Amino acid sequence: MREGQLIVCGIGASAGGLEALQELVHNLPSDQNIAYIIAQHLSPSHKSLMVDLLSKSTEKEVLEAQNGLLLRRDTIYITPPNFNLTVLGEIIQLKAPALSGPFPKPSIDVFFTSLAMAKGARCIGIILSGTGSDGAQGLGVIKAEGGITIAQDPKSAKYDGMPNAAIRTGNVDIILPPAEIAQEISDILEYIDGKLPLSKILSTPTDYFERLFLRIKQVKGVDFSHYKRATLSRRLQRRMAALKYEEIEDYVSRVESDDDEVSKLFADILIGVTSFFRDGEVLGELVDHFMKLLSTKNEGDVVRIWDVGCSSGQEIHSLLMLLESRLGAAMKSYTFQVFATDVDEASLQKARDGVYSVGAVADVPPPFLERYFTRSNDTFRIKKQLRDMVLFSRHDVISDPPFLRLDLIVCRNLLIYFNQELQRELFPLFHYALNNSALLLLGHSESIGIFGHLFGVKNAKSRIYYREYAAEKSIPRSVNLRLGKGGYQMPPPQRRKRGIDEMMTEVLGSYFMPQSVVINDVSEIIYIKERNPYIQFAPGAMSANIFKCVHPDLSLELRTVLHQCIKNHRPQRSDKKRIALDEDHAMLVSLVVLPMDVPDETSRLYIVSFVDEKAEPPIEVNVGDAQKMDALRLAVLERELETMRVHLQSVIEELETSNEELQSTNEELQSTNEELQSTNEELETSNEELQSTNEELQIAYTELSVVSKERELHQREAEERAAQLSVLNEQLHVNEERLELRVKEEVAKQRAQEQLLIQQSKMAAMGEMIGAIAHNWRQPLNVVALQVQQIQERYERALLDEVYVARAVEQSMKQIRFMSETIDDFRNFFKPTEASARFSLLQSVEKTFLLLKAQFDSHGIETRIEIDPSLHVSGSENQMRQALINILLNAKDAIDERRLDGDEAYEPLIVVSALGEEERIALRIWDNALEVEEQILERAFEPYFTTKEPGKGTGTGLYMTQVIVTKNMQGSVEAANREGGFEIVMRLPHA
């Protein structure tokens, strides 16, 4: 972008934003090439006083934004109430919000998105005090386009909801109080136009980039060496400007020593810009073509779709909404397998959650918004039936194998980041992965380039292509290298297709044209029938293009008749032409081009026949008859001129088509994806194990119900016996013995029931533990796999030595020991209850947290342990840990319930502390989820009492905790509301 062009700073604020805005504008730099636009949530029913209030805090001109107003430097614009503001070029546009109801007005997300599209790297986005999450997504778009993003330090904000929401996205470069933000803007302006031009980074020696690539691959496992240098340079420029580095070597040194900066650079490189129904007309046209493809399938057939580089999932969800709305009930006639993949795990998690802000759904048609989304406060979530259709998975398109037997590949705005070498490798992979006639959708700046022989064009403007017919589907070299032995699965057998020779014979059945060839849509020879003196292959690089092989004197005629045949789809014949095959031999030949349809394919083939004609007798002309000679020459020239005119017209038409195709050829990008068959098998295995566990729990629950009914029966019998004792006083001694025996039986049965409940609680926790172990094992397994891969690579390159092998074995054994300790801990937890013993309270709590760490991490729950190591208690440590697990899992469920209320500023916390009193130890487990109503507190420890939805809790957790603490450890337990949260207190004797 041209230096000196106006820079625009967008500022978003809400509740408590006035104080921050006044402090910010008071300290803004003076007389700079920058304009400021403020979008603050305002009541639509009251006149805004923002212009008057901010004018008192700055000498700059403060104006209310008006539709069509041209931005001026050193001026502040205020968005009026009940309008959304967007920027087109440097012109303000105002329009009423598309969504009605209690949504932010103006929408900061909508404003920031338009600002990023209009100004690219010459914009700054700032989020100040406010509630909710508006603006967080818009900052991501600004960052993706190369702009700088800033958020107010939450500690200085009156309301920290909006700053915290923005910071949690990972898209904020700088966090400062308002006054310091103003000084930061002054520094950024110097970097944008002065200290760090893009040309300086582009001229950086290659070894600095190689060091960056190596460092990122070491930390993140992704290789960026095939990404375009210009794209990477823009990302480097953005990070260096945010950190105020002027020299690339200083920044590379920072990356090599700072893992956190590696993560931030990684996020910057991968940040994607996507939205719902982006290029809605293109998606609509794609669905039209896809519906035609579905019409060729049978009921029950599998339909496979792959979205490459899916980012946060808006695009694939948009496509599925359109498909479902078009197909309706017929959607169930097919088995849809939809894969959406990316290398950015953070984006994939957002896609799996399916939760989007108001600004993110601004372009969703209202009927779709109502049909496919659930609203919660100021967020929208994709409904479950749509989310369940898509498998979101991490996948590195550069190194992982592709999916197979696909009906559609969507790969938009990803290929523009890859260099030509990688693009040449990926398009053959797409061709290999697609079924015949399956569709490929690229971004508006992408095209198939030199691979026109692999893909036909459905719509060049919309970048919709289809897989060309191939007589044999061969595995590209890159796929062979990636899949290895046994990695490829052959697709299901298809019905036999007729060969080219059979189809040729059918078309030529009524002709006799022995000297013929078959060509495809891109004029490549795919079959030659009999020897042909008019086709010769020139020395040098092999080319099957017929125009490079045909006799030069026939090239013009061939182009003309072929163009007419393609245009009219009817046989065409050229005029006779005399061809000199050698000095002594000439032939009179004409060309015939016939169209040939290929069954079940959208591509076409053409037969070109060379017909030897009878030579016309020579015309005898007297030497002196100049007029007759001139007439002869004139006839020949006129015939050649007409042929040239027809050919020129076809060339013009082809050139116009080519110009459309080549609009952005230099920005091509390609991608491949992994086959998730092994992952699916693992998931199926896990599902089977979970199903088995659920069945065991169901059996245990049934047995528990039987025991409970028996207990009720025995209680009634005891009551009847007591009544008899009161009446039959003379049988007191006999009845006392019977009663004592009955009481002993009841106590034994009650203890058996309690043990059964304890075992049930353990089984209920087993599912949680399995998930935790799976998560804890993932990293060690990756480390061991990496060590094995590196040993293999060194062995193949003869670089393997004993020192490296010893070190690799040591590292691998360390990970294996960790996995062994994890499974031992899991196994010990589920051992039968051991005898009472003295144990450390701190160690028992730490072991319990270790088993649940994966659960807490995945739910974003912060945990704290505040226990003196000298505190010890007596009893069964397994039962003590089981009681802790019951309480901690209840806390996790309560935190999830509060999250459903849509509190964006909520930061979940669980604290376990212990205090030694004179006679007992007070162990407290507190969480900040929800306070509990008094009537629920009174019944908290009753058996089978629960406030959870049916199927989500049995009501035995706290009851069994009370049994363990009071009966087995001679302690007490109570529940209470404290400090805005809920607390369980166990009082246990010192050991």
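The legends below describe close-up views of a predicted model.

**View 1. The largest cavity and its lining.** The structure holds 4 cavities of 30 Å³ or more, and the largest cavity has a volume of about 60 Å³. Its lining is made up of F209, L212, F213, I216, L232, L236, L265 and I269, and the elements that contribute two or more residues to this lining are α8 (206-220), α9 (229-243) and α11 (259-270). Helix α8 supplies the largest share, with 4 residues. Sorted by class, the lining of the largest cavity consists of 8 nonpolar residues, with no polar and no charged ones.

View 2. The side chains of R215 and D259 meet in a salt bridge, with a distance of 2.3 Å from N to O. Because R215 belongs to helix α8 and D259 to helix α11, the pair ties together parts that are 44 residues apart in sequence. R215 counts as buried at 15% relative accessibility, whereas D259 is partly exposed, with a relative accessible area of 43%.

View 3. The side chains of R978 and E983 form a salt bridge at 2.7 Å, N to O; R978 counts as partly exposed at 29% relative accessibility, while E983 counts as buried at 3%. Salt bridges with shared partners also join R278, D279, E315 and R412 into one network. A search of the whole structure finds 31 salt bridges.

**View 4. A nonpolar patch on the surface.** V809, M813 and I816 form a nonpolar patch on the surface, and together they have about 240 Å² of accessible area. V809 lies in helix α25 (residues 802-829) and is partly exposed, with a relative accessible area of 43%.

**View 5. Two buried loop residues.** I398 lies in the loop between β15 (390-394) and β16 (406-411), and I398 is buried because its relative accessible area is 11%, which is under 20%. The C-alpha atoms of I398 and E425, residues that are 27 apart along the chain, are separated by 9.4 Å. F945, in the loop between α28 (934-938) and α29 (957-968), is buried as well, with a relative accessible area of 19%.

Key:
Residues numbered from 1 in each chain as written. Predicted model: local features only at pLDDT ≥ 70, side-chain atom pairs only at ≥ 80, totals over all residues. Heavy atoms only, no water. Patch = residues over 30% accessible without salt bridge, like charges linked within 9 Å, V, L, I, M, F, W, Y side chains within 5 Å. Areas by Shrake-Rupley, 256 points an atom, 1.4 Å probe, with all protein chains shown as cover. Salt bridge = Lys/Arg side-chain N within 4 Å of Asp/Glu carboxyl O. Buried < 20%, exposed > 50% of the residue type's maximum accessible area, 1.4 Å probe, protein only. 1 Å grid on protein atoms, 1.4 Å probe; cavity = no way out; pocket = protein on both sides within 12 Å on 5 of 7 lines; lining within 4 Å. Points joined across faces, edges and corners; volume = space filled by probe spheres on them. Nonpolar A, V, L, I, M, F, W, Y, C, P; charged D, E, K, R; others polar.
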